[in-house]
Amino acid sequence: MKRIASTYAVSATAIAVAVAAPFCMPINIATEILIYGIFALATYLLVSVAGLYSFGQAAFFGVGGYVAGYVFINTDLPLLAGIVLAAAGSAAVALVVGMMSIKRTGIYFMMLTFAFNQMIYYLAYSWHSVTGGEDGMGGIRRPDLGIPGIGTLDLSDHRNFYIFAAVLFIAVFAALYQLMHSPLGLVLNAARQNPRRTASLGYSVYRAQLLAFIAAGAASGVAGALFAMLYRIMPIDAISWTNSGTAVFMVIIGGMSSIFGPIIGAALFIWLQGFFSLIWARWPLLFGAFIILVVLFLKGGAIELFERMRGLLTRRRQGSAP
């Protein structure tokens with residue numbers, strides 16, 4: 001019962017965030033935050049829960065975007081079918097990459113995921129007839145969403161598309177939260193701390209990590225599909241290793257001690273990008289300095305900062321109490 005109550009509380013918080021976001025910022029920025037929130041959550045599953053520091057998540061993000069883009073440009077398949085195909089395509093690629101990468105650990109795993117990311121990037125770059133090459137895949141349409149008993153939702157309207165993205169964000173959030181707190185999540189946590197002891201208890205660490213890798217790939221594919229639909233183009237940069245680094249930075253900025261960390265990190269990352277770009281043309285230098293300060297002085301990210309502030313307020317209340 002306690003776990004069910006906790007699940008409802010966490011899901012209610014995610015819903016509240018999704019509802020409040022468009023009232024605090026432009027609708028397109030709020031939509032992009034939700035999309036990158038899904039991408040960061042997938043990376044969080046690997047980095048914080050499974051202990052797999054992947055620098056290849058942009059490959060699955062890009063595959064999802066290209067699959068969805070191709071489907072919506074060249075076929076009349078319904079919207080949800082395109083999203084499912086994007087997730088399935090990314091999951092299939094994650095299966096192949098994971099089967100060869102997870103057998104290695106530490107820096108070797110990181111370099112393998114990075115290498116596969118670059119291979120898929122150059123495949124997309126050179127396959128101009130399908131992906132558009134360096135120009136990207138343009139002209140991606142947003143099919144209408146038919147809702148039984150209600151009617152058709154026109155996703156060309158930014159508000160309607162935000163609602164659709166918010167529903168997918170909450171669904172992915174709930175699914176990943178359940179996975180992290182399932183027996184599989186417990187095995188992943190145990191393997192992250194001591195893989196040999198976990199294996200000695202009879203659990204297949206390789207199989208558990210591979211399942212997590214596939215789930216993260218599928219979630220990244222959903223994010224990529226939404227990104228392609230948001231801007232109606234899938235740029236080649238979205239599949240670059242730098243986008244993989246972006247997801248890792250979001251997790252670090254937000255904090256790895258809570259599932260809300262990557263969502264906060266995604267919001268901060270996107271907002272700070274816009275803010276720093278207004279201050280200085282060479283804004284990446286400012287952003288790099290910010291990342292360095294977070295790593296040096298706030299290892300727990302924004303979550304740690306909130307906890308420190310809460311502890312300070314608690315101590316002040318206790319000190320002022322008679």
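I looked up the contact between H2 and H11 in this predicted model. On the H2 side I found Tyr36, Phe39, Ala40, Thr43 and Tyr44. Across from them, H11 brings Asn243, Thr246, Ala247, Val248, Met250 and Val251. I sorted the residues of this contact by type: 8 are nonpolar, 3 are polar and none is charged.

Next came the geometry. Two packed helices are described by the angle between their axes and the distance between the axes. I read off both for this pair. The axes of H2 and H11 come within 9 Å and cross at roughly 80°. Angles of 65 to 115 degrees count as roughly perpendicular, so H2 and H11 are roughly perpendicular to each other.

Where does Thr43 sit? I placed Thr43 in helix H2, which runs over residues 27–50. Is Thr43 buried or exposed? Its relative accessibility is 2%, and buried means under 20%, so Thr43 counts as buried. I also listed its contacts, leaving aside neighbours within four places in sequence. They are Gln57, Ala247, Val248 and Val251.

Last, I checked the record. The unreviewed UniProt entry annotates several spans as "transmembrane region", among them residues 30–47, 107–127 and 246–271. I looked at two of these in the model. Residues 30–47 are 100% helix and 0% strand, with end C-alpha atoms 25 Å apart. Residues 107–127 are 95% helix and 0% strand, and there the end C-alpha atoms lie 30 Å apart.

Technical notes. Residues numbered from 1 in each chain as written. Predicted model: local features only at pLDDT ≥ 70, side-chain atom pairs only at ≥ 80, totals over all residues. Heavy atoms only, no water. Helix = DSSP H or I, 4+ residues; strand = E, 2+ residues; numbered from the N terminus. Buried < 20%, exposed > 50% of the residue type's maximum accessible area, 1.4 Å probe, protein only. Contact = heavy atoms within 4.5 Å. UniProt positions renumbered as here; feature names shortened; annotations may be inferred. Axes fitted to C-alpha atoms, helices over the stretch in contact; angles between N-to-C directions. Parallel < 35°, antiparallel > 145°, perpendicular 65-115°, else oblique. Nonpolar A, V, L, I, M, F, W, Y, C, P; charged D, E, K, R; others polar.
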